2 protein chains.
Amino acid sequence: MSFRLAVLGAGAVGGSVLDLADTYGHEVVAFADSASAAIDPDGLDSQSVRARKEREGVVGDGDPTAVFDTDYDVLVEATPTTLGDAEPGFSHVERALLDDRHVVLANKGPVAERYGDLRALEAESEGRVQFEATVGGAIPVLSTISDLGAGHVTAARGVLNGTANFILSRMAAEGLDYEHVLAEAQDLGVAEADPTFDVDGIDAALKFVILANVLSDEATEYRLDDAGVEGIRNVPGTALDLAAEDGRTVRLIGEATADGVRVAPRLVPKGSTLAVTGTQNIVQLETQHAGQLNISGRGAGGPETATAVLSDVSRLE
Amino acid sequence: MSFRLAVLGAGAVGGSVLDLADTYGHEVVAFADSASAAIDPDGLDSQSVRARKEREGVVGDGDPTAVFDTDYDVLVEATPTTLGDAEPGFSHVERALLDDRHVVLANKGPVAERYGDLRALEAESEGRVQFEATVGGAIPVLSTISDLGAGHVTAARGVLNGTANFILSRMAAEGLDYEHVLAEAQDLGVAEADPTFDVDGIDAALKFVILANVLSDEATEYRLDDAGVEGIRNVPGTALDLAAEDGRTVRLIGEATADGVRVAPRLVPKGSTLAVTGTQNIVQLETQHAGQLNISGRGAGGPETATAVLSDVSRLE
């Protein structure tokens, strides 16, 4: 089935959804950044929208709020993740669900910080909510949990922040300290100028909070505040040296279990399944009857995350 | 949605489907081995059926063919895989589809050897055909391909036979030769008395033929005869020693690409993603826009494979 998409957020993910939608048989009829919108009921041309943004700094002549007045089937919410009330993302999602449209999120805020509100709105709407792209980019974690049945998955564990993993991998491989490798990662574009979200474990914690929400019963809701979070700023190079002498290394490991959510640097055996290198992500699912499943791949990136978004769209039957 | 299942095949997989169906919200109304059938429109009790099989050698008083006359929704075909005409499995599937019932296969024969016939029958039926359990047990390979869209996956590669992988892992770890480790694997129940299917690469090839059928366009059909297959009988211990000196090891690697299907022992870097140990399976999917996805876990076993069967059943909405 072919859907008309309205895309909010013109960053790497939103832009890639615009680029790739037609290869999945869908079309983008509205595309907005925070200041402007491009709208075409017959489907936008990705190249001309991108060229205009490049040339004039706007994606089109419309106002961002005009997106909601177009004849779209699915809202793709790809604006930046915000904490607390998860605004303005949450209001975008609310508006679409009240209008009985489907919503596919790449923005983690509403799923991590206001899961109960989100599910309550969905229950009153003809629209459905999907959010595979919020956990591990291209890695099909949530669809696997959905196929197994959330009740048959007892825990999720893994590495869900590529920036922190890149830094720890490089520190161990090159014997360099945190500050040095962070600067290198920033030069390479792997770490942002303000790396707080990644290196302090917040980004990973949001993803494990989302996993905890999906795995727990409806009465239990998790938020970032419920998670125990420790980042990698204080991991000294000497700790990695000591780990290496013992055949181990350090990874920023997150867990969503019946005991809640926890993200912290942990020792893992070198070469073990959890010891992915570089910007790779991995999730291990503990199942009731099928042992442990491991899923790894690229956890970030525009086309990678857009693939998760578009797979979610196609899943809306 | 709750489905009534008719299960053909009372081996490890069929038995586990009988055991676990109710934890997925389904019930088994018919259960047959090659000589007898247990039938109860109100749902069979797993323990009493298993006890009777243990005690009397039959699962119930019915004739196996009576299964098709019951009021079931989904046929679970879990009889042993056969090559060539894939009988009697294929006729079971045909009967169910002609009666407009859904079919979930754990039997690889019909999907690997008669894929075109299977899809043609499905096209004429109100029933649908699912077969996640035929590839890698509990590993969600086919559902991931379906979510990504088969057209967006350019190749599948990996280790899909746990017995061969166990033997190669042990040969490398212990410096033992093939015959010695095979005998050990047979003692442990990891290898069958006649290990041909596993050690000659036939079982792995059938799985990669199924992947090739799923990934290719409808006009192209693969069968076992189209696959290039080389097993592990002739891998000498010295080859593993030489590989180890070079930081590598040997794995029985299968591939389904645009060039067809190939299974053969291959050198892979030690500790690399493809170098899974013991009876683990792994599949790598090459995608157009999302890089490489790796999925690993238990590729065989009754409850593991039954989990894939029951996830397939639940996917029939």
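Student: How much area is buried between chain B and chain A?

Tutor: In this predicted model, the area buried between chain B and chain A is about 2,300 Å². Carbon and sulfur atoms give 52% of that area.

Student: Which residues of chain B lose the most area to chain A?

Tutor: They are B:Asp147, B:His289 and B:Asn294, which together make up 25% of what the chain B side buries. As for contacts, 28 residues of chain B touch 28 residues of chain A.

Student: What makes the pair B:Asp147 and A:Arg315 a salt bridge?

Tutor: The cut-off is 4 Å from a side-chain nitrogen of Lys or Arg to a carboxyl oxygen of Asp or Glu. For B:Asp147 and A:Arg315 the N to O distance is 3.0 Å, so the pair counts. Between the two chains the count is 2 salt bridges. There are also 12 residue pairs in polar contact across the interface.

Student: Which element gives the most to the side of chain B that touches chain A?

Tutor: Strand S12(B) does, with 7 residues. By class, that side has 10 nonpolar, 14 polar and 4 charged residues.

Student: Turning to A:Lys108, why is this residue called buried?

Tutor: Buried means under 20% relative accessible area. A:Lys108 has 12%, so it counts as buried. A:Lys108 lies in the loop between strand S5 (102-105) and helix H4 (109-113) of chain A. Its contacts beyond four places in sequence include A:Thr81, A:Asp203 and A:Ile210.

Student: What does UniProt list for A:Lys108?

Tutor: An unreviewed UniProt entry lists A:Lys108 under "binding site".

How values were computed
Residues numbered from 1 in each chain as written. Chains lettered and ligands numbered in written order. Predicted model: local features only at pLDDT ≥ 70, side-chain atom pairs only at ≥ 80, totals over all residues. Heavy atoms only, no water. UniProt positions renumbered as here; feature names shortened; annotations may be inferred. Helix = DSSP H or I, 4+ residues; strand = E, 2+ residues; numbered from the N terminus. Buried < 20%, exposed > 50% of the residue type's maximum accessible area, 1.4 Å probe, protein only. Contact = heavy atoms within 4.5 Å. Buried area = accessible area lost by both parts, 1.4 Å probe. Polar contact = N/O pair within 3.5 Å; in protein donor to acceptor, adjacent residues only side chain to side chain. Nonpolar A, V, L, I, M, F, W, Y, C, P; charged D, E, K, R; others polar.
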